[in-house]
Structure formats: structure tokens, C-alpha cells
Amino acid sequence: MKYFDNSATTKISEKSLASYINATEQYFNPSSLYQPSSHTKSIIETIREYFLKFLHADKNSTIIFTGCATEGNNSVLSNCIIRKDKKYIFSAGEHSSIYVPAKKFLEAGFNVIFVPLKENGSIDEEKLLQEIDDNVAFVSIIHVSNETGAINDIETLTKKIKAINPNILVHSDGVQALGKLDINLKHLGVDFYTISAHKINGPKGIGALYIAHPNKFKPFLIGGEQEMSLRAGTENFPAIVAFKTALSDLKIHDYSKHKQAILNELKVDFVLVSQNECVDNIISLCFKNVRGETILHMLEAKGYLIGTGSSCNSKAKFNRVLANIVSNEYLSGAVRISFGSEITIDDCTKLGIELNNAVTEYIKRIK
Ligand code: PLP
């Protein structure tokens, strides 16, 4: 099987796995008072410093290790959405771990606004800035779309938002940006930033949340003093170690030739959603009057694993992010292909041929 769904998750690297297994030997609870425990605790603190440096974090900021990016995203919303007389703004392209809780706040009577996307998949900046006023408390804009690969220019947007109202707290979900873009949190100027290990060849079940002003942060998980009392729960020491190994091994790859090799083989009718201002490890394609799910299974039978969009939404009836971008006749025909370092250009050419064959056969069948 050739794996082309690296935006859903990645295979843990040998190095990350080895460091995980090795760290399980140090099974002591980092909060206990004996030396082996304080040793694990001090390793966690060294790793925290490494992350802060790697991400160019502001001084006085911190990161906390979380169980996943979903937890990080949920924690940010529970910290920032408090008053019903304030306004809360989201891009329409947020991952479901932001979108679903934001919808719940809306249903509970909070003033929640979703700003639409442009055709290239990034947030409509003009419409966003029209919404920003003295009453806005919080804005969340995904850094790189998990559906389309579209990049939002967080640095510029944060500057413009804070120039209008410096009290607004800005969050960005960086899960799909880590390892694809150089991340400099000082430049981005955000108050919160979320990342996850399993998208960068690290283990599943470990994420991190950047918090620019930890003294104002209220823990989402309570009942313990771990993570500087910002996140209760015994630290997942092996996963934290393995996340650091994956992070220190990160290389930004150029997949533009891979992407082109697939596109070269497609003779059928489709919309290329991932065009300019996109990371090149994701291609989102929408075929006309086709069911993406059927194409996925046809390719699986040929030995290729691809996605139909975000795997967190794979059971949804329609793709709410792509609905901002493509017309109805293309919407059900969405497929998402995402590369990892083991994929060759030759693999991409072969996938492109099989994809073209599958769509052609599908169209023939339904005629
Ligand atoms: N945010 C984005 C953009 C994602 O792609 C994902 C994973 O699919 C998440 C958040 C959730 O990450 P996790 O699986 O660590 O909860």
C-alpha cells in the first residue's frame, strides 16, 4: 500500500519510536518527590525550553503539553469565550476541533461569527477586518487548512486585527503548518498556537499549546498541579520525549514536483482547490459529479490510500470548508492527497494514472 494521506496522520519515525520506547523505562511520576521523578521532570522542562526556542516564542510565554491538538483548541475556546456581550470571530475554514465547539457556543447564545473563505481557501481578509471592532474579544484563524492546504497570512492578519483593537486575543491552529512552514511565534504575534505530534512523524496522543500570557490562562483540565498548574494530568513522558525527537528531525520538503506529477496525468474534469498560497504537501481536488468516497475505495483496491478531506469529518454529509470554495456539482467529488517523505515522484505519476482511470470508470458506470 502507498500512503498518500499524511495530513490525516503520519507514520511515527524510527527515531521517534526508539526514543519513546527508551523513555518508557523512566516510568516514574514526574510529580513524585524522589530523584528519578525529579529527573524526568527536569527532562520535560528542558524539552519545553527546546520547543519555545524552536518556535521562536515570546519571553514570558510558555507551552503546555496536551493529549492532542483537539484538547489544545478546546482549551483555548473555554478560556476565551466567556461573556455574551462580546463578539467571537472564526474563519469558516477551522478544523472541527474549533468549529464544533464554536457552533456550540453559538447555540448557547454567544455572538459567534464565521468569516467566509476566498476561492483559494484562505480567509476573506476584507470581510474579516469589517467584523473587527471594540467589542471583539477573540479571533481564531487556522494557519494552514487541513482540507485544502491554503495558508493564512497570520502575521499580517494579527497585526491588522490588533491595530484595530489591541485587546483581542488571537489563536491560530498550527497543526498542519508545523513542518511545512518556518514558524516564528514572535512574528506571528498570536496569543495561542496549537500543534500536534502525529502530523510530523511523532506519536499520537500528544500535542502542545503555546500560551503567550500564562498568568491569565485557566486550565481546561483541573485536579492536579502538573504543567505549571495549567493542565492537570500525569505527564505523558515517553510521548513528550518522542514529540521532541520528531520536532528536532523536521525537514521542510519541496513537494511541488510530486504535485505536478499527479496533475499531469489528469484528463478528467476537476477543480484544483489547492492552487497558489498553499503548502505543497496537500492537493485537494474536486471531480465533477463524482463521489470522492467511491474514488477513495477504487484507489484503495489498487494499493493507494488517499483521503476525501479531513478525516475528522469523514462521516459528514458534505464538506463545509470546500462548500465555501466549489459549486455543488464538484462538492461530493473531493479527494485529498497528502505527501510524506517516503513518496517518490514515480509513485505520484502512478497514482495520477490510477486516479484518472478511477474517475473515468466511475463516470462511465453512472452514464
Ligand atoms: N487541527 C488541525 C488543522 C488538524 O488537521 C487536526 C488533525 O486532524 C487537529 C487540529 C486535531 O489534532 P489531534 O488529532 O492532535 O487532536
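Three bridges connect strand β5 to strand β6 (residues 169-173), and the two run parallel; strands pair if DSSP finds at least two bridges between them. Helices (H or I, at least four residues) and strands (E, at least two) are DSSP runs, numbered from the N terminus. Within this pairing, Phe-138 stands opposite Leu-169 in β6. From β5 the chain passes through helix α6 (residues 154-164) to β6 in a right-handed β-α-β crossover, meaning that, with the strands pointing away from the viewer, the path from the first strand over the helix to the second runs clockwise.

The model is predicted: local features need pLDDT of at least 70 and side-chain atom pairs pLDDT 80 or more, whereas totals for chains, interfaces and linings use all residues. Residues are numbered from 1 along each chain as its sequence is written, and side-chain values use heavy atoms, with hydrogens and water left out.

Strand β5 (residues 136-140) also runs parallel to β3 (residues 87-91), to which four bridges join it. Here Ile-89 stands opposite Val-139 in β5. Five of the five residues of β5 are buried (under 20% relative accessible area, 1.4 Å probe, protein chains only).

Attention now turns to the ligand. It is surrounded by 15 residues, the closest being Thr-70, Asp-173, Gln-176, Ser-196 and Lys-199 (a residue is near if one of its heavy atoms lies within 4 Å). Helix α3 (residues 69-80) gives the most to this shell, with three residues. An N or O atom in the side chain of Asp-173 is 2.6 Å from a nitrogen atom of the ligand, and one in the side chain of Lys-199 is 2.6 Å from a ligand oxygen atom.

How values were computed: Buried means under 20% relative accessible area, exposed over 50%, partly exposed in between (1.4 Å probe, protein chains only). A polar contact is a pair of N or O atoms within 3.5 Å; within protein, one must be able to donate a hydrogen and the other to accept it, and residues adjacent in sequence count only if both atoms are side-chain atoms.
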